[in-house]
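Hi,

Here is the structure I promised to pass on. Have a look at it first, and my notes on what turned up follow below.

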Amino acid sequence: MRLEEYVAYDATGLGVLVKAGHVSPAELARLAREACARVNLKINAVIEFYDDAETVAGVDGGVFQGVPFLRKDIGASERGRLQERGSRLFIGYRPATESYFFQRARGGGLRTLGRTATPELGVASVTESVLNGITRNPWNLELSPGGSSGGAAAAVAAGIVPIAHGGDGGGSIRIPATFTNLVGLNPSRGRISGGPNGQDASFGLSRNFVLCRSVRDMAAALDVFSATFPGDPFAIRQADRPYVEELKRSTQKLRIGVALTKWGDWNIDRDVLRAVSRLAEILKSMGHDVWEMVPPCSAADYVEVLLGLKFIDVPGLETAAATLGRTIGPDTLEPVNLAAYLAGKDRPLSDAGKMFELIRKLRVDIAEATATFDLLLTPVMPMVSMPHGLYSPSNDSYSVRSWVEMDAATCMYLIAFNITGQPSVSLPVFQSEQGLPIGVHIVSRFGDEATLVRISRDLEEALPWASRRPPVFAGNPE
């Protein structure tokens with residue numbers, strides 16, 4: 001197989017070729033390494049390609065047999081592999097725990113070949129850090145691929161691998177998906193286990209999953225990773241049938257709420273608003289009922305929740321510093337994270353109780369405002385992409401509050417559904433006047449990924465995006 005052929009396949013397609021004996025896992029790993037060598041110096045997405053990548057063990061069988069995969073450098077862990085979380089505080093850290101996520105990845109046939117960049121501690125909507133530098137968007141190197149799964153998204157968009165691990169605690173899968181023309185699903189709370197040592201990440205707001213190019217890869221990945229394990233704190237009903245079977249089932253008439261106004265303090269860019277409005281009309285033409293909805297919750301409440309989450313992580317950072325023999329300070333943490341740590345040391349325990357009460361209130365507010373809809377249609381982000389440096393944790397011009405207020409202003413359509421636990425997906429259905437990707441955000445009821453799979457398939461058929469390629473792409477002539 002030539003590189004130009006490799007980059008043309010999604011993960012499901014490569015798995016079919018491996019099972020048929022047309023290509024070997026080792027050959028796919030070699031092609032992924034070649035793709036990385038061709039484009040990674042431009043985008044800085046992959047921070048480590050394993051020396052033993054061509055011999056990484058996997059499980060024969062599974063829909064993704066032999067398919068190259070990359071791990072985001074925070075969240076689900078591989079035992080014994082570096083996991084530095086984009087931070088100088090964690091340089092050289094190798095977890096002793098193998099996550100259930102990567103156990104399931106191997107069981108599905110995926111071969112994990114390396115790790116991708118993330119902002120320090122995964123806190124930003126861009127991917128840049130003092131430790132690893134700036135990760136660039138293959139569609140425009142002057143713009144960010146988003147964060148915090150920006151390295152994963154840039155690697156998939158540029159053709160290094162067809163699918164990669166991501167994590168989403170407030171938009172960190174869906175933001176990179178919209179900025180890089182990918183499919184980015186954030187599953188229901190409890191759908192994907194965070195165990196054995198991260199079952200309750202961010203108190204239920206964070207979930208691990210993948211970034212990919214096709215809806216069928218999204219559906220197949222749900223089948224691979226959906227499982228419950230002992231110790232999981234959230235109970236969820238398992239699917240009635242494999243998600244790939246939903247691709248063959250018809251979509252019933254749905255009542256859809258569409259957001260055409262800003263939910264935070266950031267105005268919606270014209271191209272983004274046009275994309276949401278156009279998709280609403282397309283959904284109407286498919287026979288669905290579409291109604292405009294009002295903002296379901298208070299942006300001010302969201303700011304206070306984010307502040308509480310930033311302040312509450314003090315014990316975890318102190319434990320890590322003690323374990324690694326380091327001191328928390330400007331040499332180990334970037335300015336925004338250091339400021340949050342220092343402020344958090346002085347916060348009373350009662351503030352945590354206030355934060356949990358606000359999370360409860362937001363869940364009720366959002367549920368009551370959206371209860372009559374089967375699906376919600378919103379922007380992913382109010383803008384198309386962001387220039388480097390605008391939202392970097394190393395930018396010392398931000399206070400902790402001003403940083404969080406910017407997060408609230410830009411990510412309000414996303415964090416709301418981390419709080420409720422509902423599944424949602426960014427689909428790369430449109431482009432801006434400048435040719436940059438625009439994803440549109442679709443949210444379903446809690447536990448109902450099946451409807452998301454079906455409506456995503458409908459939109460992929462109506463508005464195919466697979467042929468669009470960024471200027472920086474491993475399959476382009478050198």
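Residues 24 or more positions apart make up 79% of the contacts in the protein with a separation of 6 or more. Bear in mind that this is a predicted model. It has 15 helices and 13 strands. The radius of gyration is 21 Å, close to the 23 Å that the globule rule gives for 478 residues, so the protein is as compact as a globular protein of that length. Of the 478 residues, 60% count as buried.

On to the inside. The largest nonpolar core holds 142 residues, and Tyr6, Ile163, Phe209, Phe225 and Leu377 touch the most other members. Helix H14 (residues 400–420) gives the most to this core, with 13 residues. Apart from that core lies another, of 11 residues, with Phe90, Leu317, Ala320 and Ala321 among them.

Neighbours within four places in sequence aside, the contacts of Tyr6 include Met1, Leu14, Leu28, Leu31, Ala32 and Ala35. Tyr6 also contacts Pro68, and then a run made up of Gly159, Ile160, Val161 and Pro162.

Another one to zoom in on is Leu279, which sits in helix H9 (residues 270–285). Its relative accessibility is 0%, so Leu279 counts as buried, the cut-off being under 20%. Which residues does Leu279 contact, leaving aside its neighbours within four places in sequence? They are Leu377, Phe430, Val440, Leu459 and Leu463. Leu377 is also one of the residues that touch the most other members of the largest core. As for Phe430, 151 residues separate it from Leu279 in sequence, yet the two are 9.1 Å apart in space, C-alpha to C-alpha.

Ser456, in helix H15, is buried too, again at 0% relative accessibility. With neighbours within four places in sequence left out, Ser456 is in contact with Val215, Met218, Val425, Leu427 and Trp465.

Helix H5 (150–157), helix H7 (215–225) and helix H15 (449–462) are the elements that give two or more residues to the lining. What is the make-up of that lining by class? There are 12 nonpolar, 3 polar and 7 charged residues.

In H4, the buried residues are Tyr100, Phe101, Phe102 and Ala105. An α-helix has 3.6 residues a turn, so residues three or four places apart point the same way. After H4 comes Gly109, which has a positive phi, near 100 degrees.

Last, some backbone geometry to check before you set anything up. Most residues other than glycine have a negative phi, and most peptide bonds are trans. Here are the exceptions I noted:

- Gly147 and Ser148 are joined by a cis peptide bond, with omega about 5 degrees. Ser148 is in the loop between strand S5 (133–134) and H5.
- Gly195 and Pro196 are likewise joined by a cis peptide bond, with omega about 5 degrees. Pro196 belongs to the loop between strand S7 (183–186) and strand S8 (207–212).
- Arg85 is not a glycine but has a positive phi of about 55 degrees.
- Leu121, not a glycine either, has a positive phi of about 60 degrees. Leu121 lies in the loop between strand S3 (111–116) and strand S4 (128–129). Is Leu121 buried or exposed? With a relative accessible area of 19%, Leu121 is buried, because the cut-off is under 20%.

Cheers

Methods: Residues are numbered from 1 along each chain as its sequence is written. This is a predicted model: local features need pLDDT of at least 70, side-chain atom pairs count only at pLDDT 80 or more; totals for chains, interfaces and linings use all residues. Side-chain values use heavy atoms; hydrogens and water are left out. Helices (H or I, at least four residues) and strands (E, at least two) are DSSP runs, numbered from the N terminus. Ala, Val, Leu, Ile, Met, Phe, Trp, Tyr, Cys and Pro count as nonpolar, Asp, Glu, Lys and Arg as charged, and the others, Gly among them, as polar. A nonpolar core is a set of buried Ala, Val, Leu, Ile, Met, Phe, Trp, Tyr and Cys residues joined through side-chain atoms within 4.5 Å. Buried means under 20% relative accessible area, exposed over 50%, partly exposed in between (1.4 Å probe, protein chains only). Contact means heavy atoms within 4.5 Å. The radius of gyration is taken over C-alpha atoms; the globule rule is 2.2 Å times the number of residues to the power 0.38.
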